[in-house]
Amino acid sequence: MTTRMKYSLKNKWVLITGASSGFGAAAARAFAAEGAKLLLGARRIDRLEKVAARAVKAGAAAAHFHELDVSSTASVKTFMAWVKTKIGRRKSAAGNLHVLVNNAGGAHGLDSVAAGKDADWETTLQTNVLGLLRVTRAALPLMPPDAGASILNIGSIAGRTAYAGAAAYCAAKAGELAVTRVLRHELLGTGIRVGTIDPGLAETEFSVVRFKGDKKKADDVYAGMNPLTAEDIAEIMVWVASRPPHVNIDEILVKPTDQAEMGKVFRRPVK
Ligand SMILES: NC(=O)c1ccc[n+]([C@@H]2O[C@H](COP(=O)([O-])OP(=O)(O)OC[C@H]3O[C@@H](n4cnc5c(N)ncnc54)[C@H](OP(=O)(O)O)[C@@H]3O)[C@@H](O)[C@H]2O)c1
């Protein structure tokens with residue numbers, strides 16, 4: 001029998017990767033406002049500490065953080081061992097991790113394939129695809145098989161289209177989409193939900209990272225248009241995770257109103 005009760009996130013453990021800035025930090029605040037218990041991971045611990053403190057003020061039932069580099073299997077193992085100490089175990093041996101947000105990632109450089117750099121390609125694929133696989137593999141045994149748990153993967157419009165200079169990033173996010181679809185098959189019957197949220201232009205630290213600290217280049221990406229905010233995406237994450245357990249939101253493509261396609265953006269004159 002299907003019951004239409006919203007899935008309550010109150011006192012549920014929510015693990016967010018890449019929680020030190022952008023979507024991840026906003027997600028921490030948004031899940032906190034639902035009374036969730038947070039497990040936050042990223043490489044910048046000083047940032048995580050601030051995000052956790054803000055989350056507690058926003059209503060989190062708990063907010064813990066630990067260093068995490070998703071591009072390292074050893075780091076993911078250490079992080080998940082720490083997660084286990086926080087969430088405890090159920091009698092059924094499954095854990096109590098109710099929501100996994102695979103958000104850590106980003107783009108590195110905007111070079112053509114002809115001018116591409118190994119380090120940029122490797123970091124892009126390591127974090128967005130292999131990192132997601134590593135974290136998910138380690139987290140799945142900790143997720144309860146009863147209906148309601150969710151895995152939210154953060155993809156991108158880049159995984160659904162192509163633009164010059166983004167070969168590795170487009171490949172990585174197309175990979176993320178493929179992994180999400182595969183998981184949907186593999187998790188069928190477990191009650192664990194999985195889906196992807198794929199944003200268009202959103203103003204976070206994304207472009208600063210892509211352009212290796214060049215703030216002017218980063219600002220130009222959003223010049224004269226109204227981009228999405230991290231809060232817009234966090235709100236969607238909470239909405240997806242709190243649908244009734246029989247509802248799986250498979251794929252969401254969300255763009256600013258000012259963006260019709262990857263390279264088709266409405267810009268007002270900048271004064
Ligand atoms: N902003 C956009 O326009 C946009 C659009 C579509 C999709 N996305 C995707 O959204 C996700 C979040 O990006 P954002 O926009 O919020 O950018 P952001 O502000 O740069 O945040 C990226 C987060 O990922 C973390 N991260 C990066 N590499 C990591 C690693 N190896 N291990 C652990 N954490 C790592 C960063 O933390 P540390 O540096 O502290 O480790 C940071 O918390 C990414 O997957 C990105 O590809 C962004």
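So, a nonpolar core here means a set of buried Ala, Val, Leu, Ile, Met, Phe, Trp, Tyr and Cys residues joined through C-beta atoms within 7 Å. Keep that in mind, and keep in mind too that this is a predicted model.

Let's start in the middle. The largest nonpolar core has 62 residues, and the members that touch the most other members are L15, A28, L38, L40 and M237. Helix α1, residues 22–33, gives this core its largest share, eight residues. Take M237 as a way in. Leaving out residues up to four places away in sequence, M237 touches A27, A30, V101, L152 and I197. There's also another core lying apart from the largest one; this one has eight residues, including A158, A166, A168 and Y169.

Which residues of α3 are buried? They're V76, F79, M80 and V83. These four cover an arc of only 100° around the axis, so they sit on the same side of α3. If you're wondering about the spacing, an α-helix has 3.6 residues a turn, so residues three or four places apart point the same way.

A81 has 11 C-beta neighbours inside 10 Å, and 12 or fewer counts as exposed, so A81 is exposed. Between the C-alpha atoms of A81 and A167, which are 86 residues apart along the chain, there's a separation of 35 Å.

A quick check on the length of α3. After α3 comes G88, with a positive phi near 70°.

Next up is α2, residues 45–57. Here the buried residues are L48, V51, A52 and A55. They cover an arc of only 100° around the axis, so these residues are on the same side of α2. Their cover includes α1, β2 and β3. On the face turned away from the buried side, α2 carries the exposed residues D46 and K57. As for length, the 13 residues of α2 should span 18 Å at 1.5 Å a residue, and the end C-alpha atoms are 19 Å apart, which agrees. Just after α2, G59 takes a positive phi of about 115°.

One more helix: α5, residues 167–186. Its 20 residues should span 28 Å at 1.5 Å a residue, and the end C-alpha atoms are 28 Å apart, so that agrees as well. Buried in α5 are A168, Y169, C170, A172, K173, E176, V179, T180 and L183. Among the elements covering them are α4, β5 (150–154) and β6 (193–199).

On to the ligand. Which residues come nearest? Of the 33 residues around the ligand, they're G18, G22, R43, R44 and G105. The shell divides by class into 13 nonpolar, 15 polar and five charged residues. Helices α1, α4 and α6 (206–210) each supply at least two residues of that shell.

Before I stop, a few single residues. N11 isn't a glycine, yet it has a positive phi of about 65°. You'll find N11 in the segment before β1, and with 13 other C-beta atoms within 10 Å, N11 is partly exposed. K212 isn't a glycine either, and its phi is positive too, at about 50°. K212 lies in the loop between α6 and α7 (215–221). Is K212 buried or exposed? With 11 C-beta neighbours inside 10 Å, K212 counts as exposed.

Last one: R243, in the loop between α8 (230–241) and β7 (251–254). R243 has 17 C-beta neighbours inside 10 Å, so it counts as partly exposed. Setting aside neighbours within four places in sequence, R243 is in contact with Y7 and I249. The C-alpha atoms of R243 and R4 are separated by 8.6 Å, though these residues are 239 apart along the chain.

Technical notes: Residues numbered from 1 in each chain as written. Predicted model: local features only at pLDDT ≥ 70, side-chain atom pairs only at ≥ 80, totals over all residues. Buried ≥ 20, exposed ≤ 12 C-beta atoms within 10 Å, placed from the backbone. Contact = placed C-beta atoms within 7 Å. Arc of directions from axis to C-beta. Near = placed C-beta within 6 Å. Nonpolar A, V, L, I, M, F, W, Y, C, P; charged D, E, K, R; others polar. Expected span 1.5 Å × (residues − 1).
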